[in-house]
Amino acid sequence: MLHVIFGREEIGEKNYVLDNRIFFRRNKKPEWFEDDFVKEFLYEIDGSKVIAQEALLDYRGRGISTEMISTGCKSLCCIYYCYKDHIFNGSLMGDNCIPFLMRIAENHDVTIVLEHYMDFPEQYFRTGKIMMYDRLLDQDDYDDAFSAWCAGGSS
């Protein structure tokens, strides 16, 4: 299940990761990149292919390190491997990360903080996969919660 929180002011003292890029740099492990799911989203989002562990080829066929992948892919890696102990900054992911984020959330409870409107397709609301404050959201609830947060009110 994906749990969404609008605005970091709502999370208090929880284990919030403000910058997924720094968390990634400090916590990544070479074996993360041997996982087929990670290889899939690296290719689909960035066009990168894993050669071996942290050695990758970018979409032009040039060698890169894992430090050069997109922030969205770094965020997905962190969420995929460290979902139990942390709340991640979802605003560092683009909408192209949504299908992979939702696949992770099918198997694990994942919590993200959003400070932008992430445009989830309607299908995720119809199938009851997105929650806020322990209640399932439909598209209207999500839109209203985002609007309330933008206006400075509670969701």
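Student: In which loop is Gln53 found?

Tutor: This is a predicted model, in which local features need pLDDT of at least 70 and side-chain atom pairs count only at pLDDT 80 or more, while totals for chains, interfaces and linings use all residues. Residues are numbered from 1 along each chain as its sequence is written, and side-chain values use heavy atoms, with hydrogens and water left out. Helices (H or I, at least four residues) and strands (E, at least two) are DSSP runs numbered from the N terminus. On that numbering, Gln53 is found in the loop between strand 3 (49-52) and strand 4 (55-57).

Student: What is the phi of Gln53 near?

Tutor: Gln53 is partly exposed at 40% relative accessibility; buried is under 20% relative accessible area, exposed over 50%, and partly exposed in between (1.4 Å probe, protein chains only). Gln53 is a residue other than glycine, yet its phi is positive, near 45°.

Student: What radius of gyration does the chain have?

Tutor: The chain has 6 helices and 9 strands, and its C-alpha atoms fill a box of roughly 45 × 35 × 25 Å along the principal axes. The radius of gyration is taken over C-alpha atoms, and the globule rule is 2.2 Å times the number of residues to the power 0.38. For 155 residues a compact globule would have a value near 15 Å, and the chain agrees with this at 16 Å.

Student: What percentage of contacts in the chain between residues at least 6 apart in sequence join residues at least 24 apart?

Tutor: A contact means heavy atoms within 4.5 Å. Among contacts between residues at least 6 apart in sequence, the share joining residues at least 24 apart is 61%.

Student: Why is helix 3 largely enclosed by the rest of the structure?

Tutor: Helix 3 (residues 71-82) reaches 16 Å from its first C-alpha to its last, close to the 16 Å expected at 1.5 Å a residue; the expected span is 1.5 Å times one less than the number of residues. Its buried residues, including Lys74, Leu76 and Ile79, pack against helix 1 (20-27), helix 2 (36-46), strand 6 (87-89), helix 4 (98-107) and strand 7 (110-114). Helix 3 is largely enclosed because the buried residues number 9 of the 12.

Student: Which residues of the largest nonpolar core touch the most other members?

Tutor: A nonpolar core is a set of buried Ala, Val, Leu, Ile, Met, Phe, Trp, Tyr and Cys residues joined through side-chain atoms within 4.5 Å. Leaving aside neighbours within four places in sequence, Leu101 is in contact with residues including Leu76, Ile79 and Val110. Leu101 is also one of the buried residues of helix 4. Of the 47 residues in the largest core, those touching the most other members are Leu2, Phe41, Leu101 and Phe120.

Student: Which residues do salt bridges that share partners join into one network?

Tutor: A salt bridge is a side-chain nitrogen of Lys or Arg within 4 Å of a carboxyl oxygen of Asp or Glu, and the whole structure has 9 of them. Arg25 forms one with Glu67, the closest N and O atoms being 3.3 Å apart; Arg25 is in helix 1 and Glu67 in the loop between strand 5 (63-65) and helix 3, 42 residues apart. Glu67 also meets Lys28 in a salt bridge at 3.2 Å, N to O, and this pair is 39 residues apart. The network comprises Arg25, Lys28, Glu54 and Glu67.

Student: What is the angle between the planes of Phe23 and Phe88?

Tutor: Rings of Phe, Tyr and Trp (its six-membered ring) pair if their centres lie within 6.5 Å; planes under 30 degrees apart count as stacked, over 60 as edge-to-face and the rest as tilted. The whole structure has 18 aromatic pairs. Phe23 and Phe88 form an edge-to-face pair, 5.3 Å centre to centre, with the planes at 80°.

Student: Where are Phe23 and Phe88, which lie 65 residues apart?

Tutor: Both Phe23 and Phe88 are buried. The pair links distant parts of the chain, with Phe23 in helix 1 and Phe88 in strand 6.
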